[in-house]
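Dear colleague,

I am passing the structure on to you below, together with some notes on what was found in it. Please read the notes with the coordinates open.

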Amino acid sequence: MHAIQLSLIALGVLTSNPSSAAQVTLQEVWAMLQQQQAQIAALSEKLEATEAKLNRTETQVKITEEQLGLTVDYLADAQASNSVGRTSVGGYGELHYNAVDGEGDSGDFKEFDFHRFVLSFGHEFTDRIRFISEFELEHALVQDTDDGSNSGEVELEQAYIEMDLDENHWSRAGVFLVPVGILNETHEPPAFYGVERNDVENIIIPSTWWEAGISGGGHYASGLSWDFGVHSGLQMPTSGVNAYRVRSGRQKVSAANAEKLAYTLRLKYTGLPGLELAASYHHQSDASQLRGDGLGSGGLVSFHGIWNQGPFSLRVLWAQWNLNGDAVKLADVDEQTGWYIEPSIRLDLGGSDWGFYTRYEDLEGARSRDRFEQWEVGFNFWPADNIVLKFDYRDRQHDLQGSAGFDFQAIDLGVGYQF
Amino acid sequence: MIIGCVLTLVGAPAYAGPEVYQTPNEFIAQAFGGHAPDAQALWIKPGLRGELTEVLGHNPGLRVRYWGRGTRTVWVLDEIGKDFPITAGIVVNDGAIEDIRVLVFRESRGWEIKYRFFTRQFLNARLDHRHLTRKIDGITGATLSVRAMKRMARAALLLHEHSVASSNTLAQAR
């Protein structure tokens, strides 16, 4: 209470009751007021001290907040930039079950096969230079046999350094996939239909096809892109059961004969979401790497289109080899062609994706058993994005009467993954 | 042609910086008409952590920095495509994606996601039960990069909800 108010109250008491004046003197009242004034002063001082402490605490909280934020940022940056964070590990794999009912009993077989177990390793040296690699084990087992027969393979499919030259252009040096077709570069199991890869790209292209050399390319806002590579080439055999067979010409960069290099150019358009159109041309001045054997230059032309519209998808691919040389012409395999068409639909059923497809293939390869038509129908089930279960039915009919023994119907099951 | 390729490979220009198309700061400033607000931090509390982990498929970290003014927020996020992180900037306005751009691309494949012909599919997308309301057509050979962009878009929309909710809650408390 204010000192003046106290004084007035005291005065009021003294004047209103003359008998109390003897008990409380003015001096005593003044002393009381002084005492209370001192208490008020002390309380004010304490309040100021408390306010100052509060201000200091608020400042300290802000500093702590800032330090905490800096610590979180440091930890996040450290995790992103350490050598482990800049190295990536990935892979894909697929297990197949094939039940083949061949023409006559000799073509029948049932088989489990872990067809591919692939590990990929990548490392980012800087923000524009990286290493990409892919290491593969096929058919689960590689063993040393007396006659050299061995279904298993251990292969280095990719191992290249990639450098970004600017926003639109890049270059590579090392072992890389030849830019031809659809599956040659994109063949993780969840990415295609059918337990086995389609035969056109397997036999004619021949996927998976990798070579060593240098390549470069560019991509633009219009959706156009190009790739060009100078690299090792095929060494096609010119005799035996696999004569002029393209797939048998793959050297896989294992002490690969590089007498004659090869060149591949691809143009691609992906400027409309859901649409891909591409054309590739590959040329090799001597497809067997050997002069005077009746096989000279060879060129592969391929076109493909992919169209995705809502749940529907359509893939079409055509590829043709043109081989020059007297012997290959005499063998009537100087033109080897294949094409396929594959419509499909992918639906969300019960929270998971199911895809249903059919495919028609027509091949004219080098061997009579590689000249056939095939119908295929089946489905993929993706329980999660990177896992696929597959089923398909295949019906293969050969062109030549003499090759009818290679006809078959098959049921295939598969499980595949990528990460 | 061989000489051209060799020159292309070995004669790379003295390009010292990373492959950045628009820096994060440029992207953020552009979103706010050239005057970016101060960065704020959204701490990932338990409820949000569960939702964000479901969207991203991994631990989302302790906090996310963002820039916000009015109904607009801007997020700069990183997600791994196939092998390496992709950095994307996402502008969310009133619960819908207003802009999305790849700011840093480090992958060997999937370059298509950098361009407008792909990213415009995300415009005006909202969240419906943690999924985008717009269908995004994929790109053959870039599936993992496309998925990374979709995860970042969903994460930005989710974070926007929580940042706006946080602001509203604080405003009500005051």
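Chain A is divided into domain 1 (3-75) and domain 2 (87-418), with bounds that come from an automatic or database domain assignment, and the centres of these two domains, taken over C-alpha atoms, are separated by 88 Å. This is a predicted model, in which local features need pLDDT of at least 70 and side-chain atom pairs count only at pLDDT 80 or more, while totals for chains, interfaces and linings use all residues. Residues are numbered from 1 along each chain as its sequence is written, and chains are lettered from A and ligands numbered from 1 in the order in which they are written.

Chain B has 5 helices and 7 strands, these being DSSP runs (H or I, at least four residues, for helices; E, at least two, for strands) numbered from the N terminus.

The largest nonpolar core has 44 residues, of which B:Trp75, B:Ala88, B:Ile90, B:Met152, B:Ala153 and B:Ala156 touch the most other members. Such a core is a set of buried Ala, Val, Leu, Ile, Met, Phe, Trp, Tyr and Cys residues joined through C-beta atoms within 7 Å, where buried means that 20 or more other C-beta atoms lie within 10 Å of the residue's own, with C-beta atoms placed from the backbone. Helix 5 of chain B gives the largest share of this core, 11 residues. Apart from this core lies another, of 38 residues, including A:Ile203 and A:Leu317.

Between the chains, 40 residues of chain A are in contact with 33 residues of chain B, contact meaning C-beta atoms, placed from the backbone, within 7 Å.

With best wishes

Key:
Contact = placed C-beta atoms within 7 Å. Buried ≥ 20, exposed ≤ 12 C-beta atoms within 10 Å, placed from the backbone.
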